[in-house]
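Here's a quick walk through the model below. Have it open as you read.

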Amino acid sequence: MKPSIPKGTRDFLPAEVRRRDYIFEVIRKHFRRFGYQPIETPVMENLETLTGKYGEEGDKLLFKVLNNGDFLGKANAEDLANKDSNKVLSSISKRGLRYDLTVPFARYVVMHQNDLAFPFKRYAIMPVWRADRPQKGRYQEFYQCDADVVGSESLLYEAELTQLLDGVFHDLGLKAVIRLNNRKILAGLAEIAGMAHNMMDMTITIDKLDKIGWEKVSEELGNRGADAGAINVIKQFLDATNLADVAPLLANSEVGQQGIAELQEVFDLIASQPTNNRIEFDVTLARGLNYYTGAIWEVAVDTDAPGQESIKMGSIAGGGRYADLTSIFGMKDMPGVGISFGAERIYDVLEELDAFPADAAEDLQYLLICLDDEALAHGFGLVSRLRARGVHADLYPKAAKLNKMMKYADQRNAPKVVIIGSREAESGEYSVKTMATGEQRMVNEKEF
RNA sequence: GUGAUUGUAGCUCAGUUGGUUAGAGCGCCGGAUUGUGAUUCCGGAGGUCGCCGGUUCGAGACCGGUCUUUCACCCCA
């Protein structure tokens, strides 16, 4: 048979894995520095844990795991006969692959509440699965890198998570623009525009402003039920570029003013300490999952920064505050806030900018090659001693033609090759060739 | 889920209005070179033309289906 892998999944070559690990390590370093602790949850959750948490669209994108055994024999006969996929599902599948890291985390917090100290700060770097149609920067299996804190409403966390985003992208050598908004401001807008009943429609539409322009946004708003007055109010709103301009427009909305006040406090906290990237208020920023209730973040590559003008990529990180994620699992008053890095997209951007550090590529220091069986026995001793000392060393496993072995060394990207023949085995002085320059000299074992 | 798009050697791609035995570059293997890679020269291997069916005397090419790739929607990282 012809080998293949499922749609939307990928294999990774060693060099790619090292580069991905580099990204994960940078992110992990910052997570730990800010006091977030690692947790793990299963790749499978009970389907009922997942369904209904991501909206109707999300349910369609959930990977369901077929029950073991005679799943059709145990299926609901009527639903099966009617070929009603949605109904028959519950009787043939009880598990699904996790769709994100936040909902499993909510489930985890509820289950382990007695073992956790609140505010509880956790991070997780794990793959998630979505049955989405693959596209540029969109896969069916991809990693998310999440940091969340639950059990506190303090806006200090909004500030610290912004610092964390700022620090990670600075460390990765990427100029980013971190956009901030607050869902309460959007709720206030919906209120004064008379759109409170379909705020979701409104926010999804205005989020497209920079992509499709005002003309189409106003048209789509009309289609989604906004009248001329509402559209006019929204227009004024979107013309505002800073918090001070927005504040008077929301004078009559209590929730809106609350959003302004919260965001102002967050910006004041952020401004009190040095940062590296553009951090902006963006009133059009509306995206985010249904459960966000306060602050929302979205991070994109700063295409105004030198050398990054050509990058076309959606958001590379995001997040938000949710007032109440755990109540659906039976635990009330557990507010949370968190962010998520899109490692796959960051990878694609760093690749395009050629911004990976050189040492993210190869970590072998010495490759030993032996000219005959006696030398090979000697080489095994030497490679063992080098490894015991912590030197990254490898040994070609048989005595072969030097030509062939040198070629292998070249392919392995070995920076130095140790040649062992009868002369070297006797003297304990080894021929060490530096591959980049071609220079070769005799080196004593201690000098490796 | 909707609408497009792609698939030929390990990789990148040619392949004319349907016509004999499907090609190139790179890579791979062997040799020149039994103590020197990346450069040079010589030789060689490698194909179910994504898969299934149809049209035709004849299909890599045309038609249908299906899988996959990429892209735009929807939504999202």
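The C-alpha centres of domain 1 and domain 2 lie 52 Å apart. Domain 1 covers 14–39 + 106–353 of chain A, and domain 2 covers 362–447; those bounds come from an automatic or database domain assignment. Keep in mind that this is a predicted model, where local features need pLDDT of at least 70, side-chain atom pairs count only at pLDDT 80 or more, and totals for chains, interfaces and linings use all residues. As for labels, residues are numbered from 1 along each chain as its sequence is written, while chains are lettered from A and ligands numbered from 1 in the order in which they are written.

Now to the RNA. The largest share, 6 residues, comes from α16. Helices (H or I, at least four residues) and strands (E, at least two) are DSSP runs, numbered from the N terminus.

Let's pick out K136. It sits in the loop between β5 (120–129) and β6 (141–150). Is K136 buried or exposed? K136 is exposed, because 9 other C-beta atoms lie within 10 Å; the cut-offs are 20 or more for buried, 12 or fewer for exposed and partly exposed in between, with C-beta atoms placed from the backbone. R345 is 209 residues away from K136 along the chain, yet their C-alpha atoms are separated by 9.1 Å.

On to the strand pairs, which need at least two DSSP bridges to count.

| Strand pair | Bridges | Direction |
|---|---|---|
| β14 (416–420) and β15 (429–434) | 4 bridges | antiparallel |
| β15 and β16 (440–444) | 5 bridges | antiparallel |
| β3 and β4 (95–97) | 2 bridges | antiparallel |

V432 in β15 stands opposite V418, and its bridge partner in β16 is R441. The β15 and β16 hairpin has 5 residues between the strands, and there G438 takes a positive phi near 85°.

Elsewhere, an open antiparallel sheet has 3 strands in the order β2-β4-β3. β2 (44–46) and β3 (64–65) stand at the edges with a single partner strand each, so one side of each has no neighbour in the sheet. V65 stands opposite R95 in β4.
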